[in-house]
Amino acid sequence: MDPFEIAKIAQIASALEVSGYPKPGNVHRTRDYDDMEFEDFIISGIVIGDAIREACTDVDVENPQLGKYILQAVSETDRWIKNNTNLGIVMMTTPIAVAASISENFDEIRENIKLLMANTSVDDACDLYDAINIADAGGMGDQDEYDVASDNAKQELRDNNQTMYDVLKISAPWDMLAREMTSDMPAVFEIGYPTYHELKQEKSKNEACLLTFLTILSHVPDTLISRKYGDDEALKISLMTRDLLKMKDSADFLDRVGEFDDYLFKNKYNPGTTADLTAASIFVSYLKSNF
């Protein structure tokens, strides 16, 4: 697929995800947070386009430099928005985008993601650490091994020949995005994308986004919530979401979703990982439609 087309779809997916409302516990078009607002995410979705396009141009499969382009997109975002609005989306979108650019058909994308991730380098790992630090996003490497906050982190990566795939694999037990990127992206390709792709045929773009978000959250406890409040709390939110979805055909469903949004906002439960997975799912759906 053409790199310009892929970049446009990535921008569209980012905009559609943040526009979904009332998307519980996240910034959306009717809910700002104290430190970031809806428009910040719209800007962030626009400015990643150049990096995605470059990542998809003249790809070297043996050295796809995924970390370089993740860092480039996050650095460009930081020029415009001084908050972590899209690190997770960029991390998910970049390998999917590059895989799409080297695929002859849609069905090859998932296998090519695995190939590209396996071919990441130590430089990619170092670039990813720089991107995490620019975004000031804790949790992915904040552990005893290769702590992203350590002054010596990148040297340790080089000394031990740790690629981006390697460090994400280490983070996978406690970070859902790392797990997705190192395990064939099951939440995106088996839950999120099929849900959105079907819903967008019969419902509004907003409803499709909202229901996809809720479906992912009902199946996959959000690891951002887990890191802040523990696994039990993350599971509780997923079970609440599952109960909520049982009411999706009721006349007052959106009112119930709004109440759930208020509850999560009030209690500072932010399913940010789910939002990233939703954006990636929308991205994959539009790739499918345009292949």
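Visitor: Which residues in α7 meet Met164, Val167 and Leu168 in α9?

Guide: This is a predicted model, where local features need pLDDT of at least 70, side-chain atom pairs count only at pLDDT 80 or more, and totals for chains, interfaces and linings use all residues. Residues are numbered from 1 along each chain as its sequence is written, and side-chain values use heavy atoms, with hydrogens and water left out. Contact means heavy atoms within 4.5 Å. On the α7 side, the residues that meet Met164, Val167 and Leu168 are Asp124, Ala125, Leu128 and Tyr129.

Visitor: How do the residues of the contact of α7 with α9 divide?

Guide: Ala, Val, Leu, Ile, Met, Phe, Trp, Tyr, Cys and Pro count as nonpolar; Asp, Glu, Lys and Arg count as charged; the others, Gly among them, count as polar. For α7 with α9, the division is six nonpolar, no polar and one charged.

Visitor: At what angle do the axes of α7 and α9 cross?

Guide: Axes are lines fitted to C-alpha atoms, for helices over the stretch in contact, and angles run from 0 to 180 degrees between N-to-C directions. The axes of α7 and α9 come within 7 Å, and they cross at roughly 55°.

Visitor: Why is α7 largely enclosed by the rest of the structure?

Guide: Helices are DSSP runs (H or I, at least four residues), numbered from the N terminus. Buried means under 20% relative accessible area (1.4 Å probe, protein chains only). The buried residues of α7 include Val122, Cys126 and Ile132. Their helix is largely enclosed because the buried count is 10 of the 14 residues.

Visitor: What covers the buried residues of α7?

Guide: Helix α7 itself spans residues 122-135. Its cover includes α4 (66-80), α5 (87-101), α8 (153-159) and α9 (164-171).

Visitor: Is Met91 buried or exposed?

Guide: Met91 sits in helix α5. With a relative accessible area of 0%, Met91 is buried.

Visitor: Which side chain makes a polar contact with the side chain of Asp175?

Guide: Asp175 is in the loop between α9 and α10 (176-181). Asp175 is buried, at 3% relative accessible area. A polar contact is a pair of N or O atoms within 3.5 Å, one able to donate a hydrogen and the other to accept it within protein, where residues adjacent in sequence count only if both atoms are side-chain atoms. At 2.8 Å, the partner of Asp175 is Arg227.

Conventions:
Helix = DSSP H or I, 4+ residues; strand = E, 2+ residues; numbered from the N terminus. Expected span 1.5 Å × (residues − 1). Buried < 20%, exposed > 50% of the residue type's maximum accessible area, 1.4 Å probe, protein only.
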